[in-house]
Amino acid sequence: AYDRAARQPVMPDSLIGAAARFVACHEVGHSLGLRHNMRASDAYPTDSLRSAHFTRRMGGTSASIMDYARFNYVAQPEDNISSKGLYPRIGIYDKWAIEWGYRYYGNKYKDEYAEQEALAEMVTQKLKANPRLWFGGEGKDEDPRAQTEDLSDNVMKANTYGLKNLRYIVQHLPEWTKQPNDKYEHLNEMQTAAYMQYFRYLKHVLKHIGNRYVGIIGEKEVYKEVPKEKVKEAINYLDKELFEAPLWLYPQEIVEKTGATPDKNIISMQNLTLSVLLGEQTLYNLYNQSLTSKNPYPLNEYLQDVFKAVWKPLNSPDARQNTYRRGIERLYLSQIDRLINAPAEAKNSKAASIQQVSDVRLFALQHLDMIEAFAKQALAKEPASSI
């Protein structure tokens, strides 16, 4: 969406060269001993990635070339970001990590134990002075701030910008992928890539539900729940961008040429999302966190928020949207049913053991009253044949 040179089936050497350059730089980092640092992209505020001055001064999309922060999908065409602000570059974390790994102190310390103690104190002070130097790990734990392919300190906001760009791309794919004697293979490939990018944004958001932040050893709170406000923001994102079926991903002009299957893909994403939002482990985690949190997110309030995001009046002028909405409401009921009546194959599963020791099933039973009240209200307003 941002670079006109990319709007063609064959990428020019200038773009391929720039992409190869930052990949090579990342791999050289590994050869020097640096690990991935998936928290590095979280060091930059979302709006700063739209600033030409900030991205040029700070090193592109992340505080480290060792993150997977491929391209600046936050930047909008009107932001006038230079090429240096679109790609990852060597960042402040990388320079600090090389200093840590390779600096020689000679005989400054009397022995290795004194050196270890002094360096540990140096790291502590460095991080206090500049949190952007923090090493956040490989992105394999539960912390949503350390993920692959994400950008900024707020992925809900960043990915909303990303979707704005993605909508523009999908709209123009037939034009940008057109080739002589076209059999639409490239169009099909690029539309699939757009769907996968959308799915990637979705997974970034879902990781905020029921997980925890993982801090630095030695902090007062190494583990703490994702703030209530962030979880609510994630639910609002899903409400707007998924539960209102993203049919824009599949324009009729593309479907007619490629045979893409929007129903299958969209329903699959909705089903996956509900299995996370209403999963036994998620609810168990949220409930336990609410019991000890300074800013609790009670489980009944969480379920109300998820309910409001899914259960909407079936009055869209678009009949397809009403069909998707009915479908996701049926999926919702299936997930509640699983919470109340564990399937036979799950009797010995981790989910079943959670049901035995927690109040999750009781909250699910109580939640049925809200669903029933909504259905009765809808029936009172509309003839049954239209619901």
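**Close-up 1. Asn80 in the loop between α2 (52-58) and α3 (92-102) of a predicted model**. Helices here are DSSP runs of H or I with at least four residues, numbered from the N terminus. Asn80 is not a glycine, yet has a positive phi of about 55 degrees. With a relative accessible area of 62%, Asn80 is exposed, a class that requires over 50%, whereas buried means under 20% and partly exposed lies in between (1.4 Å probe, protein chains only). In this predicted model, local features need pLDDT of at least 70 and side-chain atom pairs count only at pLDDT 80 or more, while totals for chains, interfaces and linings use all residues. Residues are numbered from 1 along each chain as its sequence is written, and side-chain values use heavy atoms, with hydrogens and water left out.

**Close-up 2. Tyr184 in the loop between α5 (155-176) and α6 (185-206)**. Tyr184 also has a positive phi, near 70 degrees, in a residue other than glycine. Its relative accessible area of 30% makes Tyr184 partly exposed.

**Close-up 3. Lys228 in helix α7**. Lys228 is buried, at a relative accessible area of 16%. Leaving aside residues up to four places away in sequence, Lys228 touches Asn295, Pro296, Tyr297 and Glu301, where contact means heavy atoms within 4.5 Å.

**Close-up 4. The lining of the largest cavity**. A cavity is a set of points on a 1 Å grid over the protein atoms alone where a 1.4 Å probe fits but cannot get out, and lining residues have an atom within 4 Å of a point. The largest cavity holds about 90 Å³ of space, a volume being the space filled by probe spheres set on the points, which are joined across faces, edges and corners. Of the 15 residues in its lining, Glu225, Val226, Leu286, Gln289 and Tyr297 lie nearest the centre. The elements that give two or more residues to this lining are α7 (228-243) and α10 (280-292), and α10 gives the most, with three.

Close-up 5. Among the buried residues of α11 are Leu299, Tyr302, Leu303, Val306 and Val310. The cover over the buried residues of α11 includes α7, α9 (262-277), α10, α12 (319-340) and α14 (360-381).

Technical notes:
On a 1 Å grid over the protein atoms alone, a cavity is a set of points where a 1.4 Å probe fits but cannot get out, and a pocket is an open set with protein on both sides within 12 Å along at least five of seven lines; lining residues have an atom within 4 Å of a point.
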